[in-house]
Structures are given as C-alpha cells and as structure tokens.
Amino acid sequence: MTFSNLGLHSFLEKSETVTPAEAVPAPAASESPAPPAESGNITFTAKVAGESLLKKPSVKWFKGKWMDLASKVGQHLQLHDSYDRNTKVYTFEMEIIEANMTFAGGYRCEVSTKDKFDSSSFNLTVNEMVSSRQDANAIDFFKYSYSSTQILIPFCRGEGKSESQSDVDVWDILRKAPPTEYEKIAFQYGITDLRGMLKRLKRIKKEEKKSTAFLKKLDPAYQVDKGQKIKLMVEVANPDADVKWLKNGQEIQVSGRYIFESVGNKRILTINHCSLADDAAYECVVGDEKSFTELFVKEPPILITHPLEDQMVMVGERVEFECEVSEEGATVKWEKDGIELTREETFKYRFKKDGKKQYLIINESTKEDSGHYTVKTNGGVSVAELIVQEKKLEVYQSIADLTVKARDQAVFKCEVSDENVKGIWLKNGKEVIPDERIKISHIGRIHKLTIEDVTPEDEADYSFIPQGFAYNLSAKLQFLEVKIDFVPREEPPKIHLDCLGQSPDTIVVVAGNKLRLDVPVSGDPTPTVIWQKLLFESEGRVRVEMHEDHCVFIIEGAEKEDEGVYRVILKNPVGEDKADITVKVIDVPDPPEAPTISNIGEDYCTVHWQPPKYDGGQPVLGYILERKKKKSYRWMRLNFDLLKELTYEAKRMIEGVVYEMRIYAVNSIGMSRPSPASQPFMPIAPPSEPTHFTVEDVSDSTVSLKWRPPERIGAGGLDGYMLEYCKDGSTEWIPALPGLTERTSALIKDLVTGDKLYFRIKAVNLAGESGAATIKEPVTVQEILQRPKFWLPRHLRQTLVKKVGETVNIVIPFQGKPRPKITWLKDGQTLDSKDVGIRNSSTDTILFIRKAELHHSGAYEVTLQIENMSDKVAITIQIIDKPGPPQNIKLVDVWGFNAALEWTPPQDDGNAQILGYTVQKADKKTMEWYTVFDHYRRTNCIVSDLIMGNEYFFRVFSENLCGLSETAATTKNPAYIQKTGTTYKPPCYKEHDFSEAPKFTHPLVNRSVIAGYNTTLSCAVRGIPKPKIFWFKNKMDLSGDAKYRMFSKQGVLTLEIRKPSPFDGGIYTCKAVNECGEAEIECRLDVRGKQLNPMDNPNTAMRRE
C-alpha cells in the first residue's frame, strides 16, 4: 500500500515471529501458505514514505468492514508505529499474539493525510496444526496465509520509485482455473470488473478454438508508459500472408509513429512516443480471422523538479512564484494557506505555463497576500512563504554639505517618497533638540532642519534617519569665520581656532564621506602650512589647499584608519604656530558573530546572538534578523522594527524543514554586513503525551500497564516511551524500565507486595520528552481476588457436531484471580491425556482432539476452582460418521411402467439422524445408475416411467449429516416391464399463434461512471417475431457512430460506450420494433471527471476495463 507521487508511498508486508530475534520474510501474495510459526504470532506492517509530509499520516486497522481494531488492543493484539529519520519512512505494525481461530477473516489497513487516502485489504487464515511430539497437551503450530493488494498512492515529491507485487499473469490463471474459483481469484488479485474480464475471457477462448491463420495471437491487454515505445507482435501461419492493423475499428496508416514490420512469420506493429490518444482497442486481421487486444497508456506522475522559493516584497510590487515540473503543459493546483486559488477570485491571481515551468503571478501585492503558497501535482508538493512589507522608502533629495559664516542661516533639507514617514535629526550621533534658534519642520515629503545665527559650536556632522527604515542621510556643516585684523607688515603666523586650549578640538565624520578641515590662518609674509597626523603617515587620498586667509585639509572617502589627532604647523620668517585637531570616523558596525539556536519547537525557535565587536563608533540601535531554507538562496527578513534585545523568538516555520539564520547590527550610520549563517536546524516538537494510560492487571509482585500512542507525534518521529513510578508519600520518580520501550504495554516486575505506587509515562523523540500521562489514583501491588466465571462462546451452548477424522478445538475464556484450578471431565470420568489434549492459560482453557472418533462423543464438564469458589459449564460433543446401507430391500410389485420397493432403516446410523434415502435405477443391459429420488424420507417408494421390455435393478443409499453411506442396498432380482399391444394415437392440437409485441423484461438502470473507462448499458426484451433494436442518445440515433457498439444475445441488449467523456452523459433510449408493435425504455447516464491516481498497481489495467 503506498500514498506516491503524499512520492508518498507505502506498502503492506507480513512477518511472523519464529524466535524472539528472528522473523520470517514477507511472502509473495500467492495461494501457498506461509511456513508455520512456532510461536503463533504474526505481524502485518504498513510502510509510508513521508519524505515531504508535514505531519504524521493517520493509520487505521479494521477487521471485516467496520470493526476498528484500535479498540481491541490488549493481550492478543498490539498496534505499533515508528519513524526512521534516515530513510524518512513511517512504519505501522499490527501484531497478533497467540492467534486462534477467531482471528481468521478479512482485514483492511487505511492510510490517510489531510487530502490523501488509500487502503489495502488482506485475508488471514488460521489453520490448527499439532506437532508430532508425545506431549500434545497444547496447540503448537498455526499456519497463516494471506492475500493483499499493494496500492501505489501519490503524496509528495515523487523521487521514490513505486513498489509492486511480482508480475502475475491473471489472464493465464483465469484460463486454467475452473469457474468455481473465479471469485476467489478476483478477491486475491484485486479484480473489480470480474464480469467484464469473464466476457473478454470467453471471447478469447472462442478465438483460441478456431485459429488457422495465427500461430500466436496478441495478448489480451498491453500497458505502456506515456512517451515510451511498444511493439504488438503476432505470428501467422502463412509467411506470405498480408495483415491489416486496426485501431478502434479504423485501419492504421503508415506514419512516423506507426511502423509495420514483417520478419518471417512475425508481423509487428511498433507505436513510437505513445500518448493518451493511443489508449484504444487494436486488431490484427488476416483474411477473415482477427486477433484482438487493448492497449492502456499509463500517464507517469508529474514530479516537481525545481521547487518554489520564499519571497519578500514591498506592497504593490509584482510577485511571481516559479516552479519546474517533469512534463510540459502539466496540470498543477495552487493553494494559499490550504485554500485552492482560482482565476475567478477577483482576477487577482494569474496562472501561466511556459514549457515545463509553472508560474503564479500576483500583479499588485497587498499585506493580505502574505502566507504560505503551495503548488501540487499528482506526484509532488512544494511550499514557499510570501512576506509582503510596507513599500520601500525612496529618497528624492538628500541633505548636502553646507559652509556658512557667523550669524548666517544654515538649512538642511531632504525629500522622501512617503509623506507619512517621520524621522529624527542627529548631530554627531546625538539627537537634535529644537529650541528658539534650531527649528525642525515636516511638511509633506520635505523634512527641514534650520539653524539660525550659526556659531562655531554648530559645526558638526548632521544626519536624518527615517523611522522604521535603515536609512541614514548625512551632511557636514562647516563654519567659516572671517576676521579682519590690522596688523603690522610683518606678522608671525597664527592659527585662528577657538579650541587652542589643553583639550584638542574633535571633528566627527562618517566613513566614506569627504573630510574637509577649513582652518583660518594669518601671517605676513604668508606662512607655510604643514599638516601632520600623529603616529601615522598620510596617503594619496589626502591633499592640502592654501588660500590667503585660510587653509583646507581634505581627505577623500574617510576611513576608520583616518581617525586620530592631526597637527597643523604654520611657519614664516617671523615665527611659527601649531594646533592639534582630533578627527573621529564613525561607521556601520562590524557584523555580529553567527547566531545560536535554542528552544526549538514545532514551528518556532529562539535565536541568540552577541553584540558586534566594533560598534562603528556609535551605539548599536538594534538588530535585523533574516532566515532562509537550507537549500534555498533567498533570505527573508523576520522583523521590520529593530530588535533591541539579544534574543528573538522566530515563529511561523514549517516543521521538518531545515533553516538557517543570520543577523545584522544597525547604528545611526547604517546596517552592518550580515553575520555568518547559524548552524542548520530543523523545527521539531516533542510529541503529545500518550493516551488511554491504564492499569491492565495487578499481581503480588507485578503491574501490567497499557497505553496508546500520542495523538501528535510530529516530524521528529517517536523514539519510545519512558515509564516511571513513584511510591505514595514520596516525590522521587524511579524508572520502571531500563531505557525506552517502543511497545504500548509493559509489565513491571519485582515490586514489593503492598506498596502503593503512582505511575506516569512520557513519549520521547529528538525534540525531548512529552508531557506526562499519569494514573491519578495509586495502584496497590496486591493480587486482586476475582470470582471465577466462564464466558462460554455462543456456538458451544448447543451441541458441537464434528465428523470423524476432523479436528476438535474448543476454546473457553474465563476470568478469575488468582489463577484458578481447571478440571475437565467426560461423562463424570477424568479425561485420558493420551487421547485428548488440554492446555490452560491465565485467560482461557483449550480442549484439543487431533482426529475425532465416535467414542469422543459425550457430555464434557469443565470446572474452575479458586479456594471455595467455583464455576462449571457443560459441553456436548457429537461425533458423526457416514451411516450404513439400508437393510432388507425387496421388490414388492411390478405393474405397467411401475415398480414398488420396500426397505428398512440401516443398523448403523453413524451417530446422527437419518435424513433420507437416495434411490437409483439401472438398466440390466448397460448397468448405468441414474438417481430416481434424492433425500427421500420414507422406507418405500414407487418407481415410474420405466421402459417396456427392459429389466431394471434398484439400489438405495442412506444419508445423514455426514453424507451418503459408503455402500448401497441392491435388489437381488431385476424387475421386468412387459410390453402391451396398445397403439398410440397422437392427439390433434390446434396450432397456436405465438406472435407477441415487444416487451422489456429488464429495464435500463441509471448509471454514474468515471470518464475514460468503458461502460455498458444493458436491458432485456422479448417479442415474436424477433424485434429490431434501435439505440438513441437524447433522441439522436446512434447507429452510425463508431464510438458505440451494440450487442444482442438471447434477448439481452447491450450498448457499449468506449471511454466516455462528460459530454457522453445524457438520456439513452432503447427502442424495440416488430410487426406486432413497439416498445422503448430509457435511462440516464452521468459521466464524472476522472480522478488522477497515477501510480496504479499492476492490477489497474484489469480494473480499467
């Protein structure tokens, strides 16, 4: 059984317990029984390939049609499941322990997920078998056989190959089998249209009887995958014979796709690149003989070769999801958060196909479009997430550097795309506070910072940061102070700065911007200017400009290495002057180290990181977190507001998918480079707590517990269960079992009698432990006294009848604690252990007789004894055999055409009531016996209609429940029928008119069929003379339409419709006309759309007929 392309595929297998460490391999589905298993245990296994399943599939086991076996879990039946993380396969097992005859019957396993379903049926036969050892007190062996139909199902990315049974030629089996075995073969090999197959088989047998033109005909059916090549070959008796190939009754012409070959006696039709149009009926015609076959073209599952990618866009932007499938023009289904998307939905979504590529297009995205988008084919599933954030901010005009003089006005202005965006102004990294001299305004899209009466203290780097966006618009304000001094002709050089005290002046510049230092100087003659950086040599990016009243020091594209103390020296013949200026370069932070992941859950995790080693000279304002799937290249932002803390709980992840995380640090200058990606991790969650945790049994030193698997297991699978107990009054929980157990029951041994214990159980997987399921009340370790009582099965309340030589196996369940003493008696006497086997367990007692004899009949009594309490039941067994022959048979009288017989009942009735007699006669000439009376109750009879002139012998068999007697009582002397001289005069009859108008004896029935599969409409009509038949669809005559074939046989009328489509639905009318009148009848045919099930099993070809 398999859910292929939920590539979910599964299969059903069977294993039997031979020893505790060995299992018999699963046999092929055939009629040969499995080898006997000594332990009497058997396990059926269903495996589901869950490579792309988001959740664990649901599995149910049924016996018969509706009995859910989950409610029958106990001592003789266990259900297990497990998950292999390496192969990503779910395994579900049903284990039958110590099977008995009541476990025989039909079983069914159903596997389902959210939108997929499949089932597989199988039979279990339990045959009793006793070993040849002397100790035959128990049933030692059971033989099992089963049949199962393995089904292939589409579920996820179909990389896995479908598994199926070994090829079986069902046609050959049906041809060789007797008609009584047809239904058994149909059930074993999953044949659903048995009547159709038998009709074709009958036609095939007819063809095989008379074939002079063909040495070897076409097989009844062929199957080929779409796009592959197939050859249809026959062998003709005459090497020079010409053949014709027909498709749906039309002759095939030679083309590039159809190739005819003639090699000796072989005639070959080759069909290249088979398509669905080649799914048809084919005939090879030689003269007047034909060989018929049907070709089924199997469409392979559509696989997703390139999956969807996660996307993050701005509001209003165009979204285009793209995936690639294995076949051009394939049909796919798009879903958003589990809801199918259609073109009619406000025309929002557009679907596009380009060869093997499939597209989902959203022209103008909105915030509501965020979610998980899924593309599904009949062979795979791919999921991607779309995040739509507010529209990206655009800067139409940035702020510019300003150079102003004292008392002038400085205006910084910028314009952004969104007029609703607010922001803050910074001066050297610190927020600007407006006052009477400094004004901040926001009008529409324009933001202004106005500084009145500029002073030297206003010289700095100014920045504007829009709120909610990682933007930083910066510029520099240069203060130019003009001093006019009257000095003598010769003046020593002087640097005019207001910071010539002890602490140097500090200039702040953003990395990458131009650093420009305007230093007013004076001196006569004009002094020489020398710029120096302490402990560092200048590079080629540095230049100096000299003017009359000031000098300019410029560094193009400031870097962190440019940070430091700069010294300016003025020299002229009169003297020199110098000053130190400190330059501080601020930048974006260094990237943080790779984040770490902890507290991983079903769809969430906690991300931790450390601040960057270098903050860029400005405080870190926050962090931006991104994630991506491991196999993807697209990173998605998780937060739009800056994260202030060093941890973040990421949510809305898909369980079972591997992710990576990275982090950005943001300061007032901008955003750092991304950190290295975190270690890959997979969101998984611990399972839920086990369910139905109960106490099954208690003894003086043991407690038996049972439970059911958790309702939710998740992608992490289930490693096992941890069982603990705690003494009443204590808080210490003690492990009840060493390690984990995978079973759903446990027997806790070596407990102290009288202790009161609490028990709890947890399910464990990769993600950790589940919550605990506990038993609320303490359990006292003490044998519970239970009154003995038999539960006598219904069929044993009546006399049990068995034939001589059959096996007698009586199982009687009972209750009682402590274990009761069991005594069997027959007619008040103790049973002989050499003749009858007795096996007792804690829950039932079994009486076993390998070969029943007549002396085994009698009244059996079994007694349960616990101290002074007891219970007993009586069982009557009747062993029967075939009776002896009747006695004293004699011929009483013979007259005319009659003979009278008498006899007496047999002396031995076989220990059963005589049900009747079988009387036979035989002509003395031939001595061939013919039955005259069957199940005749009297002991005398008259045999009539004997032929004159012949002599007859008679014999009588007696009959009871076991059958006819081995021998018969035969008359000693024959009965002679004398001839008479009478002459026979035939009576004169008036000729009767048998003419009759047509009349339908069986009506047409309304039908609903699936498109693509042949269907028939049948009815029955009578009329004399034979009526002429007409078929109509919606009042239109179908006689000339090649799609319809009409048959009439023995008054049964059949209309065959080949591969109907939804357009073939309608009202169909059958009209019968002869000279006596006419009649008509009609029905409705509904044709449903074909359900895709691409990974059919080998029996699909037979079902589609």
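These legends walk you through several close-up views of one predicted protein model.

**A note before you look.** The model is predicted, so local features need pLDDT of at least 70 and side-chain atom pairs count only at pLDDT 80 or more, while totals for chains, interfaces and linings use all residues. Residues are numbered from 1 along each chain as its sequence is written, and side-chain values use heavy atoms, with hydrogens and water left out.

**Figure 1. The whole chain, before we zoom in.** The secondary structure comes to four helices and 87 strands. Here helices (H or I, at least four residues) and strands (E, at least two) are DSSP runs, numbered from the N terminus. Of the 1105 residues, 45% count as buried. Buried means under 20% relative accessible area, exposed means over 50%, and partly exposed is in between (1.4 Å probe, protein chains only). The chain has an accessible surface of about 58700 Å², and carbon and sulfur atoms hold 49% of that area. Accessible areas come from the Shrake-Rupley method with a 1.4 Å probe, and for residues only the protein chains shown count as cover.

Figure 2. Side chains of opposite charge can pair when their charged atoms come close. A salt bridge is a side-chain nitrogen of Lys or Arg within 4 Å of a carboxyl oxygen of Asp or Glu, and by this rule the count comes to 33. In one of them, the side chains of E320 and R318 meet with N and O 2.9 Å apart. Are these two partners buried or partly exposed? E320 is partly exposed, at 30% relative accessible area, and R318 is partly exposed too, at 43%.

Figure 3. K333 pairs with E335, with the closest N and O atoms 3.5 Å apart. K333 is partly exposed at 30% relative accessible area, whereas E335 counts as buried at 9%. Another salt bridge joins E1078 to K1071, where the closest N and O atoms are 3.8 Å apart. K1071 is partly exposed, with 22% relative accessibility.

Figure 4. The bond between K817 and P818 is cis, with omega about -5°. Where does P818 sit? Look in the loop between β63 (808-817) and β64 (821-826). The peptide bond from I1024 to P1025 is also cis, with omega near -5°. You can find P1025 in the loop between β81 (1015-1024) and β82 (1028-1033).

Figure 5. N428 is not a glycine, yet its phi is positive, at about 55°. This residue lies in the loop between β32 (423-427) and β33 (430-431), and N428 is partly exposed, with 25% relative accessible area. H935, also a residue other than glycine, has a positive phi near 55°. H935 is found in strand β73 (residues 929-936), and its relative accessible area of 47% makes it partly exposed.

**Figure 6. Aromatic pairs, with W425 and F464 in view.** Rings of Phe, Tyr and Trp (its six-membered ring) pair if their centres lie within 6.5 Å; planes under 30 degrees apart count as stacked, over 60 as edge-to-face and the rest as tilted. The whole structure holds 17 aromatic pairs. Among them is the tilted pair of W425 and F464, at 5.0 Å centre to centre with 45° between the planes. W425 is in strand β32 and F464 in strand β36 (residues 460-466), so the pair links distant parts of the chain, 39 residues apart.

**Figure 7. A second tilted pair, Y1044 and Y1068.** The ring centres of Y1044 and Y1068 are 6.4 Å apart, with 55° between the planes, and this pair is tilted. Y1044 lies in strand β84 (residues 1044-1049) and Y1068 in strand β86 (residues 1066-1074), so the pair ties together parts 24 residues apart in sequence. Y1044 is buried at 8% relative accessibility, and Y1068 is buried at 0%.

**Figure 8. A ring cluster, and charges over rings.** Ring pairs link F44, W61, Y107 and F122 into a cluster. A charge sits over a ring if NZ of Lys or CZ of Arg is within 6 Å of the ring centre and within 35 degrees of the ring normal. The charged end of K789 sits over the ring of W791, 5.5 Å from its centre. Over the ring of W929 you will find the charged end of R955, 4.3 Å from the ring centre.
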